[in-house]
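Subject: Structure for handover

Hello,

I am passing this structure on to you, with notes on what was found in it. Please look at the sequence and the coordinates before reading on.

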Amino acid sequence: MSRFSFYDDEAHPSPWQHTWRAFKSSHIALIGLAVLLLFVFFAFFAPLVAPYDPIYQNTEALLIPPSWTANGSIAHLFGTDALGRDLFSRIMYGCRMTFGTSLLVVIIAMLIGVTIGTVAGMLSGVRSSVVNHLLDALMAIPTLLIAIIIVGILGSGLVNSMWAITLALIPQFIHHTRSFVRGEMKKDYIQSSTLDGASNLQLFYYSILPNMFETLVVQGTLALSIAVIDISALGFLNLGAQPPLPELGAILATGLDAGYLAPWSIAIPGISIFLMVLSITIVGDGLRSALRKRVNR
Amino acid sequence: MSQVLSVNGLTFRHSSKKRWLKKPEVFSLGPIDMQVIKGETIAIIGQNRSGKSLLAKMLAGAVEPDEGQIQLQEERYWSVKHRVARKKADITGIRMIFQHNSESINPGIPVGQILDEPLRLNSTLSESERKTLIGDTLVKVGLLREHIYFYRHMLSDGQQQRVSLAKAILPNPKVLIADEPFAALDPTIRSQTVNLILKLQKEMGLAFIFISHNLGIVRHIADRVIVMDKGQIIESGKTETIFRWPQHEMTKKLVLSYQSLIPQQTLRDPE
């Protein structure tokens, strides 16, 4: 290298910085990100910031309304439920449970789906087709039905419902990955890498994956919002997380018992599920357009 | 021995057997024989669908011929289909520049990473040595070292073509194959690229085989011309011979159509 390189000091933004710049330009996406970060914060630090134990039943304080009403107290920000549990702490732990498990489910489904999809995309002929349609039967049945079947066999519980949702999410990842990889494999730059002596694994890692982020982000956020809704729906139906566990759907279901006396115990978990799904979708959309802008500007 | 590449009886058949749900598409190429000497420039011309691109891809090893073989400096050249037999000498010996289009450069990774690939896979250089070499090559093709941070969408068509050229010449090949390297470029950039390739060829002793519809460039830079039609070589020989005394009907048509484009006048120096 030449000894005097005047231009080397100049900052060259990394791909992530490019993406962040494009992402920042959309205010809605930024607000969505802030809300999502709040949920992520709750998911990670709930035990540190929650004022009460989520399953501690304080018989002195039953059905206290939220703090902004006349009868409310600041000691319980979102009030308490019929058993005297602090709703704010329960929502925090609920974010941890619902959001955390959804994230886990999506990551597992993505890893498996992308692997199978890539294999299918790189194979050809009947083998590719077989691998591609391996789990298609699962797509025909709604997630909730699969979950009910699995719960019927294995018994209800959070882990079983997680398995059910993972299984239901995998086929979509397979299909999208496979069609993407197929389209990509035909392109000239892949052929040129093949001529360079790249093996299929190297082709995937170095040439195809950098172009796949956009698809993965779109699919991932879609799957994440589906997972959040499904996990809370199963919790609500009493098939997923069981009542003492602070899971948003389950909190909603227990709130239903005293719904007329304490409407806030339904409204607040409901709103948090809604906000969670909304922010995931908004951030996913913002990320997608940012990634697209980075490549096609 | 100055002969770098020799092709014997190269044949490709597009038989209907290969794909059973499609209409039988009958196209066969060859048998093709050709010899390439070190530092020589060969142009392949011919109509569309005459098998020029296929021949180029076969020479580069992207498509496996059905019969015949290619010898690179007395040794058998293996296509990508034979992963195990394909040696480093094969990969770095013959390099190809693909027809310029939106898919010839990977949009998702920066130029530096694109250029790193042939070196990473085929050399024992350390990362900093590779980076130096990439920078030098970029300068050689008329770009800047800083272009390693650029993505495809930040480069113009001419710059993209230069990146493709840089990627092809990085491992110091013996033979460079280009499929219509000048087609998508405007006249100034085109002549810059032509001059650049001629310069590199002189420096590196490359044999350069290219496909072109632009007979002006062919006449200007090619030592020998191969004329193809319907998958066959119908005529080949020294450029001037082909242009002055074309033998085959098709060659005559091509040459006449080219000459009719040139106005029959000479420019005089102002007194």
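Predicted model: local features only at pLDDT ≥ 70, side-chain atom pairs only at ≥ 80, totals over all residues.

Chain A

Of the 297 residues in chain A, 43% count as buried. Among contacts in chain A between residues at least 6 apart in sequence, those joining residues at least 24 apart make up 69%.

UniProt, in an unreviewed entry, annotates "transmembrane region" at residues 28-50, 103-124, 144-170, 216-241 and 261-284 of chain A. Two of these spans can be set against the model. For residues 261-284 of chain A the figures are 88% helix and 0% strand, with the end C-alpha atoms 38 Å apart.

The unreviewed UniProt entry also places "domain: ABC transmembrane type-1" at residues 99-284 of chain A. Over that stretch the chain is 82% helix and 0% strand, and the end C-alpha atoms are 15 Å apart.

Contact between the chains

Chain A gives 21 residues to the contact and chain B gives 26. On the side of chain B that touches chain A, the elements giving two or more residues are α3 (111-122) and α4 (127-140) of chain B. Of these, α3(B) gives the most, with four residues. By class, the residues on this side of chain B divide into 13 nonpolar, nine polar and four charged.

Chain B: the strand β8

β8(B) pairs with strand β3 (residues 41-46) of chain B in the parallel sense, over four bridges. B:A43 has B:F210 as its bridge partner in β8(B). Strand β7 (residues 175-179) of chain B also runs parallel to β8(B), and five bridges join them. Here B:L176 stands opposite B:F208. The path from β7(B) through helix α6 (residues 187-204) of chain B to β8(B) makes a right-handed β-α-β unit.

Chain B: an antiparallel sheet

Chain B also holds an open sheet of four strands in the order β2-β1-β4-β5, with antiparallel pairing. Strands β2 (27-37) and β5 (75-76) of chain B stand at its edges with a single partner strand each, so one side of each is left without a neighbour in the sheet. The partner of β2(B) is strand β1 (residues 3-14) of chain B, and the two pair in the antiparallel sense over eight bridges. In that pairing B:H14 stands opposite B:F27.

Regards

Key. Residues numbered from 1 in each chain as written. Chains lettered and ligands numbered in written order. UniProt positions renumbered as here; feature names shortened; annotations may be inferred. Pairing = 2+ DSSP bridges. Right-handed = clockwise from strand over helix to strand, strands pointing away. Buried ≥ 20, exposed ≤ 12 C-beta atoms within 10 Å, placed from the backbone. Contact = placed C-beta atoms within 7 Å. Nonpolar A, V, L, I, M, F, W, Y, C, P; charged D, E, K, R; others polar.
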